[in-house]
Amino acid sequence: MKRAATLCAGFFLAFLVGNGVFAGDELSQYIAKFQNRYQLSRTSSATFLELYSENGQLVRSEAGTAYFQRPSRMRWEYDAPEKNLFLVDGKSAWFYVPADHTVTKVPAKHSADWRTPLALLAGDVKVSRVCSHVSLASSERSLLSGDVMLACQLRGQDPGNAAEQMADGQPATAKDAAVLLELAPQSGELLRVLVGGKGGDSIEFRFKNWNFDAPIPSTQFQFHPPPGVVILNGELPLQKDPVK
């Protein structure tokens, strides 16, 4: 199986820089609920559905369970359509393909993999370290009626007119931001992340069944290559496989 790895290195590194611009009491309340929900828990987990599209067409769908441990650790166990593992141990990012007997290893801070934006949940959970501007994306359709849609302008990207609209409190759309976040309005739980790339490529993560502060052994966030597995150093491979 091949993997998308072309967009979000800057997203991962953005956790290390300054404060964002947030306008409006309502927006601030939603951001606070989201941050508090995950900051108060050392561990969290959820089932996920991952959808990868090219030129607006769905080309692959995968599902499994993701685990997060603060600080800086996460584990993505893929169960369908085949078993794979993506793991960040705090220093390195590993992508293990049992069927191919290979594992790709890269420094975590240099990983350009699509999942690294979700490292936010394994860090200090401060939206301002990822987004230079955030606005309510009221014009975007949510999966569930009543959910909150937030548009995030990533740090390090040219904000252009979109940033001006967000700063002025004007409605944002998917074209205005690199990332859309869908939140449950009462709990602040993260339900969906939509990351847009160039040329119509996008990756979408949908989450259910969040579990907080459940005991997760530290060994779950360690990777020891099985005997005979080839370790490849470099960027994670691109995903081009069709939907299964």
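Modeller: A salt bridge is a Lys or Arg side-chain nitrogen within 4 Å of a carboxyl oxygen of Asp or Glu. The model here is predicted, so local features need pLDDT of at least 70 and side-chain atom pairs count only at pLDDT 80 or more, while totals for chains, interfaces and linings use all residues. Residues are numbered from 1 along each chain as its sequence is written, and side-chain values use heavy atoms, with hydrogens and water left out.

Colleague: How many salt bridges does a search of the whole structure find?

Modeller: Side chains of opposite charge can pair when their charged atoms come close. Searching the whole structure gives 7 salt bridges. One of them joins Asp79 and Lys83, with 3.4 Å from N to O.

Colleague: What is the N to O distance between Arg75 and Glu77, and how do the two partners classify?

Modeller: Their salt bridge has an N to O distance of 2.7 Å. Arg75 is buried, at 13% relative accessibility, whereas Glu77 is partly exposed at 21%.

Colleague: Which residues join Glu204 and Arg206 in a network of salt bridges?

Modeller: Take the pair itself to begin with: the closest N and O atoms of Glu204 and Arg206 are 2.7 Å apart. Glu204 is buried at 11%, and Arg206 is partly exposed at 31%. Salt bridges with shared partners then connect Glu182, Arg192, Glu204 and Arg206 in one network.

Colleague: Turning to rings, how many aromatic pairs does the search find?

Modeller: A pair of aromatic rings is described by the distance of the centres and the angle of the planes. The cut-offs are these: rings of Phe, Tyr and Trp (its six-membered ring) pair if their centres lie within 6.5 Å, and planes under 30 degrees apart are stacked, over 60 edge-to-face and the rest tilted. The whole structure holds 14 such pairs. In one of them, Phe48 and Tyr78 have ring centres 5.1 Å apart and planes at 80 degrees, so the pair is edge-to-face.

Colleague: Where do Phe48 and Tyr78 lie?

Modeller: Helices (H or I, at least four residues) and strands (E, at least two) are DSSP runs, numbered from the N terminus. Phe48 is in strand β2 and Tyr78 in strand β4 (residues 73–80), so the pair ties together parts 30 residues apart in sequence. Phe48 is buried at 4%, and Tyr78 is buried at 1%.

Colleague: What is the geometry of the pair formed by Tyr96 and Phe223?

Modeller: That pair is tilted, with 5.4 Å centre to centre and 55 degrees between the planes. Tyr96 belongs to strand β6 (residues 92–97) and Phe223 to the loop between β12 (202–212) and β13 (230–233), so parts 127 residues apart in sequence are tied together. Both Tyr96 and Phe223 are buried.

Colleague: Which residue lies over the face of Phe212?

Modeller: A charge sits over a ring if NZ of Lys or CZ of Arg is within 6 Å of the ring centre and within 35 degrees of the ring normal. Arg37 lies over the face of Phe212, at 3.9 Å from the ring centre. Ring pairs also place Phe212 in a cluster whose members include Phe48, Tyr78 and Trp210.

Definitions and conventions
Buried means under 20% relative accessible area, exposed over 50%, partly exposed in between (1.4 Å probe, protein chains only).
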